[in-house]
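Please open the structure in your viewer and keep the selection tool at hand.

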Number of protein chains: 2
Amino acid sequence: MFKAQDSLITLQKNINYTFKNLDLLFQAFTHRSFVHEYTREKLRNYERLEFLGDSVLGSYVALKLYSIFDEEKEGVLSKIKSSLVNETKLASIGKGLELQSMILLGKGELALGPTDSVISDVFEAVIGAISLDASNDVAFKTLDYIIGEFEKKNEITFFDANNASVFDPKTTLQEETMRRFKVLPEYLSSKNGEEFLVSVSVCGVKLHELTNISKKRAMKELAKYCLENNLLEQIKN
Amino acid sequence: MFKAQDSLITLQKNINYTFKNLDLLFQAFTHRSFVHEYTREKLRNYERLEFLGDSVLGSYVALKLYSIFDEEKEGVLSKIKSSLVNETKLASIGKGLELQSMILLGKGELALGPTDSVISDVFEAVIGAISLDASNDVAFKTLDYIIGEFEKKNEITFFDANNASVFDPKTTLQEETMRRFKVLPEYLSSKNGEEFLVSVSVCGVKLHELTNISKKRAMKELAKYCLENNLLEQIKN
């Protein structure tokens, strides 16, 4: 147990936050399988803290994206958010803090080692524990610190949307038309010499057309043009 | 515009929060259709604030449920959360604050009046605006006040799980077995005189059996028994 205590002290240094109630931090590392195998008392596993931390993290990321991506619409912010708040990303932050070595697991789980899913859950549980131990605002400041250190160590920008899938204009246009009008955009193309003449319509209204040697690229360009020029605004539903 | 200003003053009294930056509050009431029809400048609609407010509200409700339902598992908390944070519930709070009379809509939307969906969005946007104008913790305190007043006015308890669908044990057991083992519970029944003898197994392990004159009620009772006695813990996956 001395080793576990050392780890918890190191962790608190690494996240720049000292717990008033260490039981909360301990709970954040307690997997269901450990409670079941090793304890007769009603020791609590981390799942309730994870529930809390998940939503604290969600609102932290929402606030960051709101201020960093000042010109982006709600739909784009939502997409970036789900590309950042997911198991893989959270597990990689968790591993940077060496959470995997502190998780209390049952025998079977211990032999296999914690999965990314468990590490990500524990990271959320730690954030939930901070919000209970102090407040949401303190949890936000701690997240600023953790992510700042993560960025330095990995030489990356965490809140970075340079992710093609996030900004695929054809998908974005489709989602917008589904959301607003419950229809898909219709693309019509005809061969025009070596090139394709492609148009896009929504609810029977032709929004724009252009030519390109690639039909696929033409569709992407059209979607981008419609989004950038807010062409959906002219459609009444 | 004087009338609109009066409304905003009244609203700030009713939510017990005074904005430093009134532009944010104004933006929270600005529907996309209004921006499109009435303004040439890049006036902003409420959608980005709604994105923010949605997650602030989510973490507020998560924190409340965590402390009120002290003994409930994460799965139950998640269910209560989605039964509370939805369009109908949020629109009813919004109507209590008379938000519907302050929303800036385009001509078409104005003729129809704001839908529950729009009122709910605006309520979220107002919460998002408070978190930006002050902080998350202040938004939480404001929500405490708003919900307290809502409860008094309607003589209800907002964070109340007396909602049968939330606690349907058969659905809950099924969700638990799917989540943990990716299988459904198997119910086997045989007629036993006037009654049914029904058993439930998960992953081939028989967890419990009982008799009841109603097969349906027997299944519900079985699921409840398994959940209350943590019988899933004995199954290895």
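Select D70(B) and R48(A), whose side chains form a salt bridge with an N to O distance of 3.8 Å. D70(B) belongs to the loop between α4 (47-68) and α5 (74-84) of chain B, while R48(A) belongs to helix α4 of chain A, so this pair joins two chains. Please note that the model in view is a predicted one.

Next, select R44(A) and E71(B). These residues also form a salt bridge, and their closest N and O atoms are 3.7 Å apart. How many salt bridges are there between chain A and chain B? The count is 7. A search of the whole structure, over all chains, finds 27. Between chain A and chain B there are also 14 residue pairs in polar contact, with both residues at pLDDT 80 or more.

Now colour the side of chain A that touches chain B. Two or more residues are given to this side by each of α3 (32-38), α4 (47-68), α5 (74-84), α9 (136-154) and α10 (169-181) of chain A. Which of the elements gives the most? It is α4(A), with 13 residues. Sorted by class, this side of chain A holds 17 charged, 12 nonpolar and 9 polar residues.

Display both chains together to view the whole interface. Here 38 residues of chain A are in contact with 37 residues of chain B. The size of an interface is often given as the accessible area lost when the parts come together. For chain A and chain B, the buried area is about 3300 Å², of which 53% is on carbon and sulfur atoms. Within chain A, select R48(A), F51(A) and Y66(A): these lose the most area to chain B, together 26% of what that side buries.

Two packed helices are described by the angle between their axes and the distance between the axes. Select helix α6 (residues 87-96) and helix α9 (residues 136-154) of chain B, whose axes come within 10 Å and cross at roughly 85°. From α6(B), the residues S92(B), I93(B) and G96(B) make the contact, and from α9(B), the residues I146(B), I147(B), F150(B) and K153(B). By class, the contact comprises 4 nonpolar, 2 polar and 1 charged residues.

The contact of α6(B) with α8(B) has 5 nonpolar, 4 charged and 3 polar residues.

Notes:
Residues numbered from 1 in each chain as written. Chains lettered and ligands numbered in written order. Predicted model: local features only at pLDDT ≥ 70, side-chain atom pairs only at ≥ 80, totals over all residues. Heavy atoms only, no water. Axes fitted to C-alpha atoms, helices over the stretch in contact; angles between N-to-C directions. Helix = DSSP H or I, 4+ residues; strand = E, 2+ residues; numbered from the N terminus. Contact = heavy atoms within 4.5 Å. Nonpolar A, V, L, I, M, F, W, Y, C, P; charged D, E, K, R; others polar. Buried area = accessible area lost by both parts, 1.4 Å probe. Salt bridge = Lys/Arg side-chain N within 4 Å of Asp/Glu carboxyl O. Polar contact = N/O pair within 3.5 Å; in protein donor to acceptor, adjacent residues only side chain to side chain.
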